[in-house]
Amino acid sequence: MDSTTLDSTPTTYLDHSDLPRLMGLMTGDEKHDAAATSTLDALWVLYDRVLRITPDEVDSPDRDRFLLSKGHGPMAYYAVLAAKGFLPLSDLPTFGAYDSPLGHHPDRVLLPGVEIGSGSLGHGLPLAVGVALGLRAQRLADPAVWVLIGAAALDEGSNHEALAYAGAAGLHRLHTLVIDNASATHGWRGGIASRFEAAGWSAATVDGRDHEALYAAYTQPHPDRPHAVVARVEPK
């Protein structure tokens, strides 16, 4: 990556080592740095090695779907999208500006590859369940659905209703990535993964900074069941 130039067109030659610098281009108020950095490694591994979506396939019916429910700290998400060519690097310094496509929550009508406009902490997982059901109804068996939520989002009852339904319905193309920074008000005996397992999910708990562990958990077989990956990161 050139140390001084910001290209005005999307690029695809960046890697994980560039992400902190890309995040540093985003300044201003309401950055929620801790919320963003907690997701950085998990997002990178997902987009770099797992998700079947490219900037040329954002409207393909066969694409994988990624929903960012933890949308109040989107800088890492924007940095990964820029590194993967979904948006121009020159957009990054406009973060949070009045006329910028990079808002304090992602907006699906402004950014290619963004599936939902996030808001309330309780919305992402129910929306992901609906997406998985919609794909099933269309008999699209290949696309995977991924949703990233924070540990504190599990304080919301709507998420528990969604995960209970998904397990009972056997939505095996649905995946939930939980960023666990010990911010939840309520805990679960045996950890967050136990809550998903009790509802019929497959689940794995890993170090949220370990790329190989994340990849192994993301690709773990889970026939006939939805899958949850709990990525533990340092508390903030």
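Let's start at Glu-57, which sits in the loop between α3 and β1 (65-68); helices here are DSSP runs of H or I with at least four residues, strands are runs of E with at least two, and both are numbered from the N terminus. This is a predicted model, so local features need pLDDT of at least 70 and side-chain atom pairs pLDDT 80 or more, while totals for chains, interfaces and linings use all residues. Residues are numbered from 1 along each chain as its sequence is written, and side-chain values use heavy atoms, with hydrogens and water left out.

Glu-57 comes out as partly exposed, at a relative accessible area of 33% (buried is under 20%, exposed is over 50%, partly exposed is in between, with a 1.4 Å probe and protein chains only). Setting aside residues up to four places away in sequence, Glu-57 touches Arg-52 and Arg-63, where a contact means heavy atoms within 4.5 Å. Pro-112 is 55 residues apart from Glu-57 along the chain, and their C-alpha atoms are separated by 9.6 Å.

**The chain as a whole**

Zooming out, the chain has 8 helices and 5 strands. From the N terminus on, the order is α-α-α-β-α-α-β-α-β-α-β-α-β. Of its 236 residues, 50% count as buried. As for contacts between residues at least 6 apart in sequence, 75% join residues at least 24 apart.

Why can helix α3 (residues 40-50) be called largely enclosed by the rest of the structure? Because 9 of its 11 residues are buried. The buried set is Leu-40, Asp-41, Ala-42, Leu-43, Trp-44, Val-45, Leu-46, Tyr-47 and Val-50.

The table puts the geometry side by side; axes are lines fitted to C-alpha atoms, for helices over the stretch in contact, and angles run from 0 to 180 degrees between N-to-C directions.

| Helix pair | Axis separation | Crossing angle |
|---|---|---|
| α3 and α4 (residues 75-83) | within 9 Å | roughly 30° |
| α3 and α8 (residues 211-218) | within 10 Å | roughly 60° |
| α5 (residues 124-137) and α6 (residues 157-169) | 8 Å | about 30° |

Take α4 next. The crossing of α3 past α4 is right-handed; a crossing is right-handed if the near helix is turned clockwise from the far one by less than a right angle, and left-handed if anticlockwise. On the α3 side, Leu-40, Leu-43, Trp-44 and Tyr-47 meet Ala-76, Tyr-77, Val-80, Leu-81 and Ala-83 of α4. By class, this contact has 9 nonpolar, no polar and no charged residues (Ala, Val, Leu, Ile, Met, Phe, Trp, Tyr, Cys and Pro count as nonpolar, Asp, Glu, Lys and Arg as charged, and the others, Gly among them, as polar).

Over at α8, the crossing with α3 is right-handed too. Asp-41, Ala-42, Trp-44, Val-45, Leu-46, Arg-49 and Val-50 of α3 make the contact with His-211, Glu-212, Leu-214, Tyr-215 and Tyr-218 of α8. Those residues split into 8 nonpolar, 1 polar and 3 charged.

**The α5/α6 pair**

α5 passes α6 in a left-handed crossing. Leu-125, Pro-126, Val-129, Leu-133 and Arg-136 of α5 meet a set in α6 that includes Ser-158, Asn-159, Ala-162 and Tyr-165.

His-175 belongs to strand β3 and is buried, at 4% relative accessibility. Which side chain does the side chain of His-175 make a polar contact with? That would be His-222, at 3.2 Å; such a contact is a pair of N or O atoms within 3.5 Å, where within protein one must be able to donate a hydrogen and the other to accept it, and residues adjacent in sequence count only if both atoms are side-chain atoms. The His-175 side chain also reaches the backbone oxygen of Arg-173 at 3.2 Å. Beyond four places in sequence, contacts of His-175 include Ala-144, Trp-146 and His-227.

Trp-188 lies in the loop between β3 (174-180) and α7 (192-198). It is partly exposed, with 23% relative accessible area. Not counting residues up to four places away in sequence, Trp-188 touches Leu-154, His-160, Ser-194 and Arg-195.
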